Amino acid sequence: MRPSLALVLVLLLTGIIRAQTVRPVPSLLYPTIQSAIDASVDGDVIDIGPGTYLESLLVSSKGLTLRGQGAGVTSIDGQGIFRCLAAYLPPGASLKLQQLGLLDGATTGPTNQEGDHQGGCLWVADANTPAEAALIELSDCLVANGRAANGGGLYAGRHHQLLLSRCQFQGNGPGANYASMVSLPSGFAVLCRGDLIATDTSFTGNIAGLAAGGNGSGGAIRIEALASQGGFLLDCKRCDFLGNVAGRGGAISAVAQMGTGSQPGNVKLENCALVGNGSALAGSRAAALELAYTDCWARSTLIARNSSVGSPDLIENARRLELVHCTVVENGISVIPTPGPHDLTSYNSFANLRNCIIAKNRAATNFRGLAGSSPPTIITSLLEALPAPGAPSLDLGFVDAAGGDYRLLPLSPAVDMATAVYGAGVDLDGAPRKVGPLPDAGCYENQVPGPVPGTEGTVLDGMGQPMDVLLVNSSAGNGRRNLHLAPGAFFGLEVLQPQTNPQPANFLLWGRLGVPTPGELFPIYFAGGAMAFAPHVVAPSNPLLFTLTNSYEPPPVSGIVASSPAPWSIGAVALPFPATMTLQGLIETGNGQVRITNALVISTY
């Protein structure tokens, strides 16, 4: 039942509820932001006009909304001298910052004052108990160049909930005043001691303390909880962690303390990118994620080009680690350690990998766990260690790996290789997760539906329907013409006789190392269509192209292997190393006609 107008008026007059007051700044009544804060009561909105405000603000014993006109239009600037905003919030209050820039905030250094070394741009005091917690919410804000020992950009005190929406944290870190304070965990973009939920937020170029012997963890985010707190939740959706650096945990450090009655922390990463982060102290570990007594679940997430000094560990100390539809590539170490077991992750009690691409990392692909822990569960995932110098490499069919684009080409061996069980949702781009008959492995879903142009061939059977004549192990591959084999496994290659040709059919088979791109489509007009790549005879100097066999010619002109007219087969073929190659050719189909065979992409990993 809706309340009557009379009841609402009574409640307003008695102060049980009150109308929200909007206080404009600058104005005759409120020339500064602090003057509007001082005049406000709990729940008021301070509407801040365009400009840069050189103020150090204090909010005490009330919740407010501070609303600017855009992070690049309205900013509070600490000039590298003072903190932008400090807050003491009562239980249940909300502090909301909207469309604001918090820039160049800094704490002055160690004193005896509360929070003297925390939260360069924004600091919110601890709550004593969960019942006294408040809500801190930033939306469409820029927090940049903050300096403090803890939480260079933002410190959210114990028990509070922190919500971040469409925000940017850039260039925050420890200040000069803390260079010698090696016992402190220094300079994260965000230090949170309660729950943190972030959506559509980026963390770029933030730094945690790097002083020798220092303790800096979590270049972008450090979240932590005492044993008495009951754990924490870090939930990130569509967030980017780019180029952050720490002593350990280049992107994120999540630490829940163990103790009587304690609960683990929980980290969830969905449709996120962790790229180019690092742990930069000698002997440091956890280039991307440091997870102590914490469960971590990541889905449709890219983890690439993160590195540490002297150790290849990428993710460390998770109580439980589950990666689903993740691409983990080209992570490594900037200093090669002494020979020994170098693992991609370490000290994780349990690991579960589903529909992932884990390849070209400078470490073994195994996920080493604690002594006595369960071995990792690996389901329909494409794994490959970084090959030795000069050794063949598996072409994963990325659009432009050198340029950092790990989307999949239509003929990538990761396409249609995953399982439908874990295939719901969207990929890292927000595109539909299942386009073909099965979802793709990794964080991106190739968006080309159905057969790939140039791979079906132009050979027809006696009923005028497409006919596959090129087979491996009696298979023409999946819908994308992909076949997956184990390194060293023997396989058989065969060329069938077209049904329209009653005579033995001469043929040529060409190969291409790796995965063809859509731009390589090569028309052969007399054969009625196009090949997926150019024949070797057209570009003999291209090192990726070769002639596998030519039944028209005797050895050695015939190619790598000799052949006779189809039907033809060869068995006991093996590739002892991880590799990808694409095969396709021409075959006589009778009546003086020549047609294009179907293509096959063969991958061993």
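**View 1. Glu322 and Arg354 form a salt bridge, with their closest N and O atoms 3.7 Å apart.** The two link distant parts of the chain: Glu322 sits in strand S30 and Arg354 in strand S34 (residues 351-354), 32 residues apart. A salt bridge here is a side-chain nitrogen of Lys or Arg within 4 Å of a carboxyl oxygen of Asp or Glu. Strands are DSSP runs (E, at least two residues), numbered from the N terminus. Glu322 and Arg354 are both buried, meaning under 20% relative accessible area, with exposed over 50% and partly exposed in between (1.4 Å probe, protein chains only).

This is a predicted model, where local features need pLDDT of at least 70 and side-chain atom pairs count only at pLDDT 80 or more, while totals for chains, interfaces and linings use all residues. Residues are numbered from 1 along each chain as its sequence is written, and side-chain values use heavy atoms, leaving out hydrogens and water.

**View 2. Asp295 pairs up with Arg319 in another salt bridge, with 2.8 Å between the closest N and O atoms.** Asp295 is in strand S27 (residues 289-299) and Arg319 in strand S30 (residues 315-324), so this pair ties together parts 24 residues apart in sequence. Asp295 is buried at 13%, whereas Arg319 is partly exposed at 37%.

**View 3. Strands S14 (residues 161-165) and S17 (residues 195-199) run parallel, joined by 5 bridges.** Pairing takes at least two DSSP bridges between two strands. Look for Gln161, whose bridge partner in S17 is Asp195. S17 also runs parallel to strand S20 (residues 233-237), with 4 bridges, and there Ala198 has Cys236 as its partner.
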